[in-house]
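Below are some notes for a colleague, to be read alongside the coordinates.

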Amino acid sequence: MRILVTNCNTTKEMTKEIAAGAWAAASPGTEILARTPRWGPESAEGWLDSYLSAAAVLQLLHEETEPFDAVVMAGFGEHGREGARELLSVPVVDITEAGAHLACLLGRRYGVVTTLDRTRGQIEDSLHTAGVARHCVAVVGTGLGVLELADTDRAAPAFLTAARRARDAGAEVLVLGCAGMTGLHRRISAELAVPVVDGVAAAVRLAESLVALGLSTSRAGSYAEPLPKRRRWPGVSVDGPGQLIP
């Protein structure tokens, strides 16, 4: 089984961190193909970044030449998952809803610990669209930007502080709200004695399950194949619905 994991930004070091987390979560025999968009923001931290990122990731998926069995979109709260589900004929799992769905299996209420407060609205909207928002009691920012997560001396205590706030708000389970946080879940769980879900790991395991069960995105209605028309991608002109990758 091959799972394509897409970073939502152009920072290759973060792609490597995401890939390491995906490989650690993957079952024996699963291969991880990690990809970085060719263009877009160096970090996704706001609506503008998110929409640019979505277009760049969709182009990445459209142009991918290696075969794969499922996609994991590793951008927490970022846009694009619905478009990817129209474009591809394989399962598409977004780390935002993957983390939330698993959290709902572990407790009645969960909280999200993320980077900057400015991303909270996007995350709340994403959870609402996925149908899991009503179980979320708090989305708490750490005050750290995405690119600051590499400084573990700052990141770890900041996330612990934010995680305590989410727990004190009533969260029985915590979800790490950024792909760049992969690896922090064990430390936070041990400190606070609550389950902590890493979205990348959750998405990889859910993608494996969908493939193993022979399931993929429904074409009845919302995620029907794109209508035939001319679509102009950066540097490319395509007739028809685009390349649907089996």
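1. In this predicted model, strand S7 (residues 173-176) directs Val-173 and Val-175 one way and Leu-174 and Leu-176 the other way, and all of these residues are buried. In a regular strand the side chains alternate between the two faces of the sheet.

2. Which strands pair with S7? Strand S5 (residues 110-114) runs parallel to S7 and is joined to it by 4 bridges, while strand S8 (residues 196-198) also pairs with S7 in the parallel sense, over 3 bridges.

3. Leu-174 can be followed into both of these pairings: Gly-111 stands opposite Leu-174 of S7, and in S8 the bridge partner of Leu-174 is Val-196.

4. Most residues other than glycine have a negative phi. Is Ala-193 buried or exposed? Its relative accessible area is 71%, and because exposed means over 50%, Ala-193 counts as exposed.

5. Helix H4 (residues 95-106) has 12 residues, which at 1.5 Å a residue should span 16 Å, and the 17 Å between its end C-alpha atoms agrees with that expectation. The buried residues in H4 are Ile-95, Thr-96, Glu-97, Ala-98, Gly-99, Ala-100 and Ala-103.

Key:
Residues numbered from 1 in each chain as written. Predicted model: local features only at pLDDT ≥ 70, side-chain atom pairs only at ≥ 80, totals over all residues. Heavy atoms only, no water. Helix = DSSP H or I, 4+ residues; strand = E, 2+ residues; numbered from the N terminus. Expected span 1.5 Å × (residues − 1). Buried < 20%, exposed > 50% of the residue type's maximum accessible area, 1.4 Å probe, protein only. Pairing = 2+ DSSP bridges.
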